[in-house]
Every structure is written in structure tokens, then in C-alpha cells.
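Hi,

Here is the structure I said I would pass on.

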Amino acid sequence: MPIARAAKRATVRLGAVVLAGALLAACGSGSGDSSDTSDSAGGKVTLNVDLFGSFGFKEAGLYDEYQKLHPNVKIKQSDTQDEADYWKSLQTRLAGGGGLADVQGVEVGRIASVTQQQSDKFQDLKEFGADKLKGEFAEAKWSAATTKDGKVLGLGTDVGPEAMCYRTDLFKQAGLPTDREELAKKWSTWDGYLELGKEYKKKAPAKSAWLDSVGSLYGIMIGQEEERYYDASGELIYEKNPAVKTAWDTSVKAAEADLSAKLDQWSPQWNQAFAAGSFATIPCPAWMLGYIKGQAGDGGQGKWDIAKLPGGAGNWGGSYLSIPRAAKHKKEAYELIEWLTAPEQQAKVFQKQGNFPSSTGAIEKIADAKDDYFSGAPIGQIFGDAAKESPVQVLGVHDQNVMQQLTNALSEVERKGVSSEKAWETAKKGVANVIG
Amino acid sequence: MSLTATAKAGPSRPAGTGPGPDDGRAAALRRTWRKASPYAYIAPFFTLFLAFGLFPLLYTAFVSLYRVELQTSGEMEWRGIANYTALFTDEYFWISLRNTFTIGVLSTVPQLAMALGLAHLLNYKLRGRTFIRTAILLPYATSVAAATLVFAQLFGRDFGLINYAIGLVGFDPVDWQTGTVASQIAVSTIVIWRWTGYNALIYLAGMQSIPHELYEAAEMDGASRWRQFIHVTLPGLRPTIIFTVIISTIGATQLFGEPLLFEGSISGGISHQYQTLGLYMYEQGWGFFHLGRAAAIAWVMFVLIVVLVGVNALIARRRARKEAGR
């Protein structure tokens with residue numbers, strides 16, 4: 001009891017000293033560099049990191065590690081699952097100029113909008129010496145985040161080399177081969193993939209479709225193309241682009257053959273379906289691995305596998321970390337994102353979550369990586385090959401929105417049996433509405 | 001005291017003739033205060049209204065005449081009334097207007113009818129009626145987001161409880177998200193669930209102001225409970241009913257949270273099948289970042305609500321006049 005009281009008194013005294021020190025420090029800084037004053041307790045800097053989907057930093061234990069290395073830094077992460085929702089709220093805050101985190105994630109489909117329309121709202125990372133990192137990143141990754149006048153607005157976290165994820169247990173039940181090499185041969189083309197789907201459908205377990213949604217089929221196919229919705233001069237060309245037409249037509253074929261589970265990507269139903277076995281295959285960019293693990297849970301361990309994608313290599317997605325102009329602790333934020341995107345850390349995220357590194361140094365490190373969750377699939381090799389072979393894509397300002405309108409219209413074919421022509425008209429109307 | 005002071009000080013001292021007696025000045029001050037104080041008391045509301053009500057309203061009107069994009073909100077391009085005229089040829093605008101109307105009818109009519117019935121039952125002497133009365137207000141106390149998310153699960157196509165129940169009876173599962181009628185019924189259900197209790201309590205309050213003697217008299221004349229309801233309760237409740245109809249109309253026109261969260265889709269389903277005007281405005285403003293267009297939709301909604309409420313009031317007044325003439 002007396003000991004406790006003494007301890008208490010000591011604590012109070014210590015607290016008073018710390019508080020006084022903090023106050024003095026606050027007075028002393030005067031000039032108003034907010035990083036000194038805003039988080040008074042013990043001079044700790046709280047870095048807010050605002051992300052979408054699954055970047056995997058927390059899961060890979062990177063924040064803990066960084067906080068151990070930098071005891072004065074505390075990292076707080078907020079996360080929105082749906083990128084579209086995330087982008088909406090980010091845009092609102094950028095327009096208002098408040099409530100922005102120190103680090104904001106940017107999806108590759110939005111990076112052109114950042115570099116072309118909002119370069120004044122994001123920090124030029126060259127001011128903190130980002131220049132010296134140029135050689136460490138894949139060329140295309142780096143140049144996409146660079147403005148015409150040379151500002152660097154984001155550091156790349158990952159890229160989205162594509163593959164096909166599938167459920168071996170469902171394949172077995174339907175009497176299909178489960179070996180990834182054999183499957184890659186069977187579905188070397190998209191037609192082959194659809195044919196195998198029809199075979200699956202004949203003997204499939206009840207309530208199980210071949211594919212999750214034609215939206216993800218379309219998404220993965222369009223990722224195999226270099227030129228999609230915009231050409232290099234920034235003109236909208238999706239209407240006459242044969243690549244868009246091919247991806248569209250194949251998706252329509254899959255819908256008309258009733259091969260999909262008719263789910264809406266990112267919807268709660270879609271999430272539930274991962275564990276329920278509602279579909280046997282899902283086109284998966286590398287970052288999807290973490291998502292599958294999250295949704296299918298421990299019960300999916302060892303049931304999944306990964307094979308090479310039909311129709312060649314492609315890239316879907318991948319992200320950047322940026323610092324808004326209005327961020328509170330820009331210098332500390334830069335140090336954090338430089339560390340998070342360094343090869344060692346990117347390699348760790350890949351091993352834990354599957355997000356494929358955009359740093360060339362990291363790619364070497366993970367060449368032999370395997371993933372137990374996916375039946376020990378050689379993910380380093382599968383995604384590494386895809387990353388090497390995938391085309392460098394032309395990015396446009398409204399890439400993400402155009403894609404959303406097209407997949408929306410495809411859902412009409414898939415879920416309502418609307419004809420392809422009618423859905424295409426809907427898509428065009430939708431795109432016109434978006435671009436306004 | 002102040003009265004006599006005014007009487008003395010008022011006329012006796014012409015303006016500007018040096019310092020008057022102290023009590024005279026105090027009286028003048030008091031007089032001004034008495035005149036001004038009511039304004040001071042209501043000032044907080046009106047200041048807030050000017051800042052957060054009138055100013056946004058006018059600013060929205062101003063913005064609706066320009067092309068403004070959220071990403072480049074500094075650059076405004078004059079469009080005149082083009083944002084409005086574009087709406088008339090915009091198919092999605094008409095779809096959302098129609099949806100707002102159909103969902104409004106689907107939700108308001110059953111909701112008010114059920115509320116009326118509930119209130120009538122609650123008006124009887126029941127055991128534990130305070131508890132029951134509080135309980136029916138509970139859905140209203142739930143947040144829209146929470147309620148909608150739960151309902152979205154219930155209405156799920158593959159794993160939803162409702163489809164499971166339908167399956168037990170032997171019907172095919174319904175795709176509550178995709179079908180136009182189905183999705184609108186689903187959204188209306190959420191609205192009905194949330195607001196029925198609230199309206200029932202308003203009706204109950206109205207019923208309790210109906211003199212008990214009227215019921216006694218009706219009972220003496222041998223009127224059944226149903227007849228009492230038709231001939232005593234309904235006429236007595238008319239002003240309350242008109243009030244709830246107007247409030248529900250405004251609510252239905254602004255319906256937003258339920259359709260937005262039902263599937264998490266800002267376009268109100270893949271073919272806009274349950275997109276309401278409020279949601280369409282949100283999609284234009286915060287989905288596509290066309291602030292000018294969103295502002296135009298907001299104003300159209302505002303005018304629409306004013307017209308609807310006006311029509312409601314007109315009908316109500318004509319009925320009242322008819323009653324008086326009878």
C-alpha cells in the first residue's frame with residue numbers, strides 16, 4: 001500500500017516533468033513547424049496512413065518494425081475496402097484541403113488523374129531526395145507517377161501481375177485435372193478457359209460456378225493490353241479499340257454460357273462467396289492473394305492453387321504512396337514511405353500478402369517464394385514471369401471510371417440477360433455521363 | 001416603475017440638450033432592449049440558418065450555373081441553364097425521378113396505413129403499454145447504416161435469410177438486388193421498418209387529443225370498434241395525418257441512405273433500378289465529381305419538394321373547407 005502510494009506519487013511527478021518539458025518545447029519552437037507541437041505527449045509524431053483494399057503493411061508487421069526503429073513515430077492506419085469509396089472521400093478532402101492523412105494511397109488507375117489534374121495538391125517527393133530512388137523501381141512504375149514537368153508524386157508499392165487462382169477441391173469434384181502446369185496448358189487461350197468451364201459446369205458441385213463474375217474476367221483480360229481506354233495522346237479511344245472489344249466479347253460469351261456466379265466484385269455477397277465455394281476460378285492479380293486469404297479464411301488453406309493466366313501475361317492494378325500538400329508531417333511521412341517501398345519491405349509484404357513488388361531489388365529477392373495457402377504454388381516464379389512479360393500500359397485520367405461503367409454494363413448481360421449490343425449502348429451512355 | 005419613468009422622461013427632454021437625468025437614460029435603454037431583445041433571442045437560430053441554410057441554398061444555385069469539377073474546383077466555367085436543360089434529356093435523371101416516386105409510394109402508403117393501425121391498437125388499455133410504445137420507436141433509433149446493412153444481408157440472393165424462407169415454402173429465390181420491382185420493394189421495406197413506429201407514435205398522440213366522450217357516445221349508439229375508428233378516430237386525426245403525409249413526402253423525395261447502402265452501389269444497382277434522385281445527385285457530385293450538375297439536381301429536388309408540399313397543403317385545405325361547408 002505505501003509502496004503503491006509512493007509509486008503513484010513518483011508517476012505524478014514524472015508526468016508533471018514530462019508535461020512541463022513538452023510545454024517548454026512547444027513554446028520554444030515558435031516558428032510553427034507543426035511536427036513539433038501537434039502531438040505533445042513526449043514529442044511523439046503520429047503519422048496517419050490512409051489506404052484502401054489490402055496493402056498488407058500491417059499484416060506483414062511493417063508498422064511495428066518501423067515504430068521500433070523510430071521510437072518517436074506512431075503509425076495510425078485507416079483502411080477502406082472499396083477503392084471507389086476511398087477515392088471519393090480523398091477527393092472531397094483534397095478539395096476542402098483538410099482532414100488529409102500524412103500518407104495517402106493512390107491506385108494506378110488514378111495516378112494519371114493525380115499527375116495531370118492535381119499535381120498542385122500533392123507533394124513533390126524530389127524535395128526530399130526521391131530522385132536517388134529512380135533506378136530501384138521498374139521504369140513504367142516510376143514514370144507513371146512523374147508529371148510532365150518532372151515532379152515525382154508517389155512511390156510505387158506494388159504492381160499487379162496476373163494469374164488464375166482456382167479451387168483444387170472443386171476441380172477434383174468436377175473431375176478436372178488440378179495440376180497447375182497441366183491446367184496452364186489446357187487454358188493457354190481464353191477459349192480454352194471457357195471450354196474447360198463448360199466441362200466443369202457439367203459435373204460441378206451444386207451451387208458452384210466456374211467463375212466469380214464476368215467483371216473480373218473482363219478486368220483481367222483488359223490488363224493484358226497495352227492500350228485500353230486512352231491512347232498515348234490522352235484521347236478517349238475505348239469505343240474503337242479492338243482490344244476492348246475482344247475482352248468485352250469474351251466476357252459476354254462467359255455470361256451467355258452461364259459460367260459465372262453472377263456476383264458483384266467487392267460486394268458483401270462476393271466476399272461471402274470466397275468461403276462458400278460459389279466459384280471454382282477467379283482471375284487474380286497478385287494483390288488478390290491477400291484478399292482471398294482474408295475472405296476465404298483459414299478454412300481455405302491448401303484448397304487454393306495458382307496457375308498461369310490464359311492468353312498471356314498482364315497487369316491489373318498496383319498502387320502508390322503519396323503525400324498530400326496539406327499533410328502535417330511531410331518529412332516523417334516521406335521517411336516512412338521510402339522505408340515501406342524499399343526492397344526488403346516490399347519483399348516481406350509479398351511473402352505475407354502476395355502484393356507483387358514494384359522494386360526491382362525486391363523482385364530478385366522473392367524469385368523462389370512459395371505460398372502454402374495456395375498449395376505451395378511458386379508465386380515468385382508465376383508472378384515474376386508475368387511481371388516481366390506484361391505490357392507497359394497507357395494510363396488515362398478516367399481509366400478507373402470507364403472500367404467501372406463497362407463492368408457495370410457487363411453485369412447487366414450476366415445478371416439480367418440483356419443483349420450484348422444493348423449493354424454496350426448502356427456502357428457508352430455511362431461513360432459519357434462520367435466524363436461529362 | 002419603468003412605465004412612469006418613460007412617461008416622465010419621454011416628452012420632457014428634447015434631443016441633444018445636454019446630459020439628462022440618469023433614470024431617463026436607463027429607461028431609454030430599457031425601452032430599446034425591450035424592443036430589441038426578442039430579436040436577440042431568436043438571432044442564434046437565424047444566424048445559423050443564414051450560415052448553414054440560406055447561404056448553401058443560394059450558393060448551390062450559383063454553382064448549378066457553372067461547370068465545376070471537384071478535382072479542379074478552382075476552375076469554373078459558365079454554363080447558364082445548360083446543367084438544367086441537360087437533365088431533361090438525361091435518361092438516368094428520369095429513371096431516378098421515376099424510382100423516387102415508385103419507392104416513395106411503395107414505402108409511404110403501407111407505412112402510414114400500418115402506423116395508423118398500430119396506433120389504434122396501442123390506444124387501447126394494454127398491459128405494459130409504455131414498454132410497447134417505447135419499443136415501437138426502437139427501429140427509428142437505429143442508424144440507417146446499421147439497419148440497411150442488416151437488411152442487405154437478409155435480402156442477399158445466395159445466402160439471405162429471406163430467400164431461404166422463400167425456398168422453404170417452395171418458391172425460387174428472388175434476386176433482390178437486380179430486379180427492378182424486387183429491389184424497390186426491398187429498399188421500401190427498410191424505410192417502412194424504420195419509420196412505421198415513429199409515425200404510429202405521432203398518430204397515438206393525435207388520438208389522445210380526441211375527446212373521450214365522442215367514443216362513449218359512439219359506443220352508446222352501438223358503433224363497433226371499427227366504425228368508431230372510421231367515424232371518430234379518422235376525422236379527428238385529419239390534421240395529424242396531413243402532417244405525416246407531408247413529412248413522409250419530403251422524406252421519400254430525399255431518400256438516400258437506404259438505396260446507397262443496400263448494395264453499396266452509388267448508381268443504385270447495375271441498371272440504376274433503384275437509384276433515387278438523392279442518390280443520383282450524390283453519384284454526379286461525389287462519384288463523378290461534377291459538382292455543377294449535382295447542384296442543379298439539388299435545386300430540382302428542392303423545387304420538387306416545395307411543389308409536392310404545396311399540392312399536399314392545397315388538397316388538405318380544400319378538404320377542410322368542404323368539411324366546414326357541410
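**The second largest pocket**

By class, the lining of the second largest pocket is made of 15 nonpolar, 11 polar and four charged residues. Keep in mind as you read that this is a predicted model. The pocket's volume comes to about 760 Å³. It is lined by 30 residues, and those closest to its centre are A:Ala140, A:Lys141, A:Ala144, A:Val392 and A:Gln393. If you want to find the pocket by secondary structure, look in chain A for α5 (108-117), α6 (139-144), β8 (315-322) and α17 (379-389), each of which supplies at least two lining residues.

**The two chains**

Chain A has 19 helices and nine strands. Its radius of gyration is 24 Å, close to the 22 Å that the globule rule gives for 436 residues, so chain A is as compact as a globular protein of that length. Along the principal axes, the C-alpha atoms of chain A fill a box of roughly 75 × 55 × 40 Å.

Chain B comes to 14 helices and two strands. Here the radius of gyration is 28 Å, whereas a compact globule of 326 residues would have one near 20 Å. The C-alpha trace of chain B spans about 95 × 75 × 40 Å along its principal axes.

**Cavities**

The largest cavity holds about 100 Å³ of space. Which residues line it? From chain A there are A:Lys262, A:Leu263, A:Asp264, A:Ser267, A:Gln269 and A:Arg415, and from chain B there are B:Arg157, B:Asp175, B:Gln177, B:Thr178 and B:Glu263. Sorted by class, that lining has one nonpolar, four polar and six charged residues.

The second largest cavity has a volume of about 80 Å³. Its lining includes A:Phe55, A:Phe57, A:Leu340, A:Val349, A:Phe356 and A:Pro357, along with A:Thr157, A:Asp158, A:Thr341, A:Gln346 and A:Asn355. In chain A, β4 (155-167), α15 (343-353) and β9 (356-357) are the elements that give two or more residues to this lining. By class, the second largest cavity is lined by six nonpolar, four polar and one charged residues.

**A helix pair in chain B**

One last thing to look at is how α4 (residues 91-122) and α11 (residues 225-253) of chain B pack: the angle is about 145 degrees, and the axes are 10 Å apart. The crossing of α4(B) past α11(B) is right-handed. On the α4(B) side, the residues that meet α11(B) are B:Thr100, B:Gly104, B:Thr108, B:Gln111, B:Leu112, B:Leu116 and B:His120. Their partners in α11(B) include B:Arg225, B:Phe229, B:Leu234, B:Leu237, B:Ile241, B:Val245 and B:Ala252. Taken by class, this contact has eight nonpolar, nine polar and one charged residues.

Have a click through it when you get a moment.

Cheers

Notes. Residues are numbered from 1 along each chain as its sequence is written. Chains are lettered from A and ligands numbered from 1 in the order in which they are written. This is a predicted model: local features need pLDDT of at least 70, side-chain atom pairs count only at pLDDT 80 or more; totals for chains, interfaces and linings use all residues. Side-chain values use heavy atoms; hydrogens and water are left out. Axes are lines fitted to C-alpha atoms, for helices over the stretch in contact, and angles run from 0 to 180 degrees between N-to-C directions. Helices (H or I, at least four residues) and strands (E, at least two) are DSSP runs, numbered from the N terminus. A crossing is left-handed if the near helix is turned anticlockwise from the far one by less than a right angle, and right-handed if clockwise. Contact means heavy atoms within 4.5 Å. Ala, Val, Leu, Ile, Met, Phe, Trp, Tyr, Cys and Pro count as nonpolar, Asp, Glu, Lys and Arg as charged, and the others, Gly among them, as polar. On a 1 Å grid over the protein atoms alone, a cavity is a set of points where a 1.4 Å probe fits but cannot get out, and a pocket is an open set with protein on both sides within 12 Å along at least five of seven lines; lining residues have an atom within 4 Å of a point. Grid points are joined across faces, edges and corners, and a volume is the space filled by probe spheres set on the points. The radius of gyration is taken over C-alpha atoms; the globule rule is 2.2 Å times the number of residues to the power 0.38.
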